[in-house]
Amino acid sequence: MKRSLPLIILVLLAALPLTGLSSYIMHILVLVIMWSVIGMGWNLLGGYCGQVSFGHAALFGMGAYSAGLLYYHLGISAWWGLLVSIPVLTITSLVIGFICLRLRGAYFALATLALGEVLRVTAENLVKFTQGDLGIMIKQRTWVEKTWYFYIILLIAAGSFILIKKVIESKLGYYFIAIREDQDAANSLGINTTLYKTIALCVSGVLTGVAGAFYMNYMGYIDPTTVFPLYDISIVTVMVVMVGGVATYWGPAIGALIMVFLAEVIRSMPNIGTAHQTLFGILLIFIIIFLPNGIVGDFRKIINLFKPRGALK
Amino acid sequence: MASQIELFLQTLISGFLLGGLYALIGLGMALIMGVMRIINLAHGDLMMVAMYVAYWLFTLFHIDPYLSVFVATPLLFLLGVGLQKFLINPVMKVESILPHNQVILTVGIGMVLANLATVFFTSNYRSTPVSYASKAWYLTDYWKDAPIELSLSAPWSLSFLTAVIITIALWLFLTKTDTGKSIRATAQDSDAALLMGVNVGVMRVVTFGIGAALVGGAGCLFIPIYYLYPALGKQFTNVGFVITVLGGMGSTEGAIIGGLILGIFESMTATYLGMGWAPVGRFMIFVAALIFLPGGVASLLRSKKLGK
């Protein structure tokens with residue numbers, strides 16, 4: 001049962017569009033799955049390898065812009081961006097890794113944060129190349145219906161899930177966890193920490209970049225402030241994983257589900273809409289203090305809360 | 001040619017003045033970093049809060065922003081103490097997979113502060129139109145035949161001087177008082193400090209309060225020469241962070257020199273490349289520091305001392 005659970009969930013998800021859901025629900029589902037992919041990418045680097053990044057917007061934006069610029073400059077379909085973003089993001093991750101992976105812990109986090117900001121400013125200022133604040137718009141989106149977008153992102157998500165599972169269950173995964181637990185100890189045991197951290201960053205970057213390229217195709221419009229923002233992408237990515245469960249397979253998916261629905265609900269409420277970051281911030285503080293390993297990671301803790309007191313003994 | 005030199009010197013002067021203010025932001029962050037080993041990502045947002053305090057004091061009671069330093073710094077001290085005591089300290093005890101929960105927590109705090117400011121004060125740009133805003137001293141007024149013309153803006157110089165005074169006061173506090181010495185001991189080795197009878201828990205709370213107060217002071221000095229909007233914090237958090245890396249993690253002397261370097265470099269990029277590129281320049285110097293000077297300015301100072 002446990003082995004076939006991912007397959008059952010995949011089949012159930014694949015059957016969802018057949019039930020004739022409204023286009024709004026489909027839109028939310030597509031966003032949830034897209035955020036799960038980004039979350040899975042972040043989780044590999046942050047959750048398993050212990051390198052907390054505050055700059056996943058940089059990777060997401062690079063993916064989105066590599067799709068958008070292909071369309072804008074070469075006139076070919078932005079779907080090629082899904083493929084092109086893989087080498088682009090590998091190179092970007094290598095460069096980011098070269099600069100930022102010299103740093104540890106909070107410094108790495110901040111270096112990535114600064115990087116996200118720099119890419120945003122660069123995209124805003126290179127007006128000739130990126131259209132600056134005008135953004136890039138695809139004149140005609142491939143489909144009006146959401147169904148195909150849903151299947152494509154579902155395929156990407158399934159692929160990412162398998163990739164992450166394979167990586168974590170292999171030798172690499174143990175190296176990552178060793179680095180997270182104690183970098184110096186890992187180093188002294190002969191693990192080339194810089195190499196493995198760079199691998200984690202590259203895989204993480206490619207997954208996030210592919211999600212970004214998908215976003216370009218799906219939304220049909222990007223500009224520097226929608227794909228490179230600190231709070232709306234980088235921090236939300238961290239939150240998706242923190243809420244769902246750090247270093248768990250299903251954490252990013254659960255977190256994405258909660259965060260996207262929460263964002264939609266809060267935004268639709270009159271008056272409270274502008275305060276959505278406050279509520280997110282309070283949720284983040286709450287999660288860190290009470291459920292530091294997320295909903296999946298601290299699942300037993302939550303269950304124990306609802307059990308009658310006698311059951312604890 | 002003369003105009004080129006004039007432009008360069010003028011940029012240098014304004015960069016130096018800006019750097020003095022940056023140093024104040026960096027100092028608070030370096031202090032918190034040194035004692036608690038965490039980066040305070042809500043630093044810029046605390047500054048934004050102080051700027052709103054100064055702004056409302058000016059608008060409602062016509063209190064000069066420079067005088068509001070005396071109101072904003074104690075207020076920010078209390079805010080910092082509260083944040084440390086009720087939010088950050090409890091998290092230090094929580095067991096979790098990720099070791100950087102406190103840093104993520106400060107992001108959450110910053111997010112709430114910035115968003116609350118938007119909710120209460122709208123995202124409009126605000127400024128305090130002080131009477132001396134455009135007052136300046138010119139070189140030709142004092143030296144008739146000066147080959148080049150340079151000016152020194154009055155509010156900028158005043159802010160810079162106040163920043164210097166605050167920095168000297170901090171230095172006296174850290175080197176001459178018992179509490180200051182305990183803070184430095186905690187920063188050097190918290191276990192050893194604990195064994196020597198320093199109440200490390202209280203020192204953490206006090207340090208966060210002082211860090212917040214310093215950046216609060218910087219906010220009051222910035223408002224007469226800058227403008228204010230709720231999302232301004234994250235830009236100054238970046239500034240503070242670059243300074244801490246440039247200066248050497250947790251070093252206060254390094255933070256001052258780092259602040260001056262960053263200020264000068266930033267006004268150079270603004271003059272010669274354009275205002276929009278200043279954040280990129282900030283990052284370039286950050287990357288250069290990481291690659292060529294990983295220990296920051298502090299490591300240079302240390303090697304000089306050892307050389308003697």
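**Notebook: helix packing and the A–B contact**

I looked up which residues join two helices of chain A: A:Trp35, A:Ile38, A:Gly39, A:Trp42, A:Asn43, A:Gly46 and A:Gly47 in α2(A) meet A:Thr237, A:Val238, A:Val240, A:Val241 and A:Gly244 in α12(A). Contact here requires C-beta atoms, placed from the backbone, to lie within 7 Å. I took helices as DSSP runs (H or I, at least four residues), numbered from the N terminus. By class, this contact holds six nonpolar, six polar and no charged residues. Ala, Val, Leu, Ile, Met, Phe, Trp, Tyr, Cys and Pro count as nonpolar, Asp, Glu, Lys and Arg as charged, and the others, Gly among them, as polar.

The model is predicted; local features need pLDDT of at least 70 and side-chain atom pairs 80 or more, whereas totals for chains, interfaces and linings use all residues. Residues are numbered from 1 along each chain as written, with chains lettered from A and ligands numbered from 1 in the order written.

I then checked the geometry of α2 (residues 23-48) and α12 (residues 230-244) of chain A: they pack at about 80°, their axes 9 Å apart. The axes are lines fitted to C-alpha atoms over the stretch in contact, with angles from 0 to 180 degrees between N-to-C directions. The pair is therefore roughly perpendicular, a term for angles of 65 to 115 degrees.

Next I turned to the chains: 36 residues of chain B are in contact with 35 residues of chain A. On the chain B side, α4(B) gives the largest share, 12 residues. That side divides into 27 nonpolar, eight polar and one charged.

Lastly, I noted that B:Arg37, with a positive phi near 60°, follows α1(B).

Definitions and conventions: Parallel < 35°, antiparallel > 145°, perpendicular 65-115°, else oblique.
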